[in-house]
Amino acid sequence: MADTIFALSSGAVPSGVAVIRVSGAGTEEIVRSLCGTVPEPRVASLLKLRDPLSGNLLDEALVLFFKGPRSFTGEDVAELHCHGGRAVVSGVLSVLGQFENCRPAEAGEFTRRAFDAGRMDLTEVEGLADLIAAETESQRKQAIRQMGGALGQLYENWRKRLIHMRAMIEADFDFADEEDVPGSVSDQVWGQASDLHDEIADHLIRSRSGERLRSGLQVVLMGAPNAGKSSLLNAIAGRDVAIVTEEAGTTRDVIEVHLDLAGYPVTLVDTAGLRETDGIVEREGIRRAEAKGREADLILWAVEPNGVSLKEASSALAAYLPNGVPVWTVNTKQDFETLPKQDSSGTIVEISCSTRSQGGMAPLLGQLTRFAEETISVSESPLATRERHRHYLTDCLAGLRTAVDSDHLPGELRAEDLRRAADALGRITGRIDVEDLLDVIFRDFCIGK
């Protein structure tokens, strides 16, 4: 029998109310020992909590009991809504730890038990994690849709269609002489498989927006030493995040600031100035700057008046940046504002702004917001949000494409490719062979969830 687990599920104490959650086979007896009674399921009851050994009063709390399997974890669950003082919470947790086979929960263990009980699939688990981590309104809406099961239902529907295709092929093999099995079933199946391939491929393309929305746009500040990158970071953030001096090479490491631009998540990254140097520490900073540049959705190339020209900036970046990354040059040390201006190549935008006032930031912030809106197209339809999803969807596409294109092979072999495609979808939702993934997925959850 699994241990009964407990944890503080609300925020850090002190707080107005602290919610302590208990889940497992021993929950009902623990509540009876603490309260002298067990409330009716799903009915909040104001009860006194006492130490069963000493009889000392611990607190007066609102107690909720959920009888399994009609609970979050599928087990018996209790919630103790105590006063949020440190001594109160510590005292209740200490008493819970004295019960036999009752222990503190590990990170994500309540949610993992919900998954093990079939209450959630892996996409819903990941949606819950994204909801907890959401920093913007758009991220919250996407996480709510995924946590509600929309993404898992889409993948499960595709998996069922693949299973049906395989069943029709096998019926063609086994019952070809039966009158109630339609002829030329295989011909119909391969057309359906081709249509499904195109449907999933389109979903993958559209899901780039979902992945960007979850992780946030990466906007990387780059340029020569002392070009004003850190001043620009501080001005956009509206606070002193990075150290600013007249000494070149002050920034040695990557500094990140998370922004909410009209509901769109943006991570602004300050990097070390790019130049030839013999310093070991500065060389490492430059290596990290170049690595961040390669991951960027947008580069802000900082220049001083009469500094590096647009053409020189483009040439310097082209040596190591992937094609298609937009580059804007920002004149960091002038006290005037101009609207963004795009050059004839369509890949470099020149923005002049003052870093000495928030007013001077208005053109740049407005342009960044428009870039976020155009890059992240928020959709009501479910989208893949993680690299894990993309990996298995790509495997599914490979199986489908092989099956459709291999019309010279026996049907049995082509049906096996359909099975591989269906299994890839099953691994996204957690229906097939995911034990090695579970620790990775749940390790980032907070204690008590």
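Predicted model: local features only at pLDDT ≥ 70, side-chain atom pairs only at ≥ 80, totals over all residues.

Modeller: Residues are numbered from 1 along each chain as its sequence is written, and side-chain values use heavy atoms, with hydrogens and water left out.

Colleague: What is the relative accessible area of Gly210?

Modeller: Gly210 belongs to helix H7, residues 185–215; helices (H or I, at least four residues) and strands (E, at least two) are DSSP runs, numbered from the N terminus. Buried means under 20% relative accessible area, exposed over 50%, and partly exposed in between (1.4 Å probe, protein chains only). Gly210 is classed as buried because its relative accessible area is 0%.

Colleague: Which residues does Gly210 touch, not counting residues up to four places away in sequence?

Modeller: Contact means heavy atoms within 4.5 Å. With residues up to four places away in sequence not counted, Gly210 touches Gln142, Leu383, Ala384 and Thr385.

Colleague: Is Ala262 buried or exposed?

Modeller: Ala262 lies in the loop between strand S8 (255–261) and strand S9 (264–270). Although Ala262 is not a glycine, its phi is positive, about 55 degrees. Its relative accessibility is 56%, so Ala262 counts as exposed.

Colleague: Where is Pro14 placed?

Modeller: The peptide bond from Val13 to Pro14 is cis, with omega near 0 degrees. The place of Pro14 is in the loop between strand S1 (4–8) and strand S2 (15–23).
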